[in-house]
Amino acid sequence: MRARLDRFSLNYSYYSGYLRNAVVDVPYQPLRHVGFGLGIRDLFGHLDIDKSDWQGKARTTFTGPTAFMTLSV
């Protein structure tokens, strides 16, 4: 089993926001050079704009299962 959590944030002038990515995978490698796995992904993004003439927010979310295959040399 493997897990990963990434976060990228940025604040510049009137803009601020971040991206967050979380991953949990269960890999299985039955052969020397070939593996398979299942997992789940969660991607979340948020943006704020704070100007005197325009204010707004944007948010997006992607969550779902994944299936993957790995090849190694």
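Leu5 stands opposite Ala22 of strand S2, in a predicted model in which local features need pLDDT of at least 70 and side-chain atom pairs count only at pLDDT 80 or more, while totals for chains, interfaces and linings use all residues. Residues are numbered from 1 along each chain as its sequence is written, and side-chain values use heavy atoms, with hydrogens and water left out.

The pair Leu5 and Ala22 belongs to the antiparallel pairing of S1 with S2 (residues 15-28), which are joined by eleven bridges; strands are taken as DSSP runs (E, at least two residues), numbered from the N terminus, and two strands count as paired if DSSP finds at least two bridges between them. S1 and S2 form a hairpin with two residues between them, and in this turn Ser13 has a positive phi of about 55°. Of the eleven residues of S1, the number buried (under 20% relative accessible area, with a 1.4 Å probe and protein chains only) is zero, so S1 lies largely in the open.

Strands of a sheet pair through backbone hydrogen bonds, either parallel or antiparallel. At the other end of the strand order, 17 bridges join strand S3 (residues 34-50) to S4, and these two run antiparallel; Gly37 has Phe68 as its bridge partner in S4.

Taken along the sequence, the protein follows the pattern β-β-β-β, with four strands and zero helices. The radius of gyration, taken over C-alpha atoms, is compared with a globule rule of 2.2 Å times the number of residues to the power 0.38; the value for the protein is 18 Å, well over the 11 Å that the rule gives for 73 residues, so the protein is more spread out than a compact globule. Along its principal axes, the C-alpha trace spans about 60 × 20 × 15 Å.

Of the 73 residues, 19% count as buried.

Technical notes: Buried means under 20% relative accessible area, exposed over 50%, partly exposed in between (1.4 Å probe, protein chains only).
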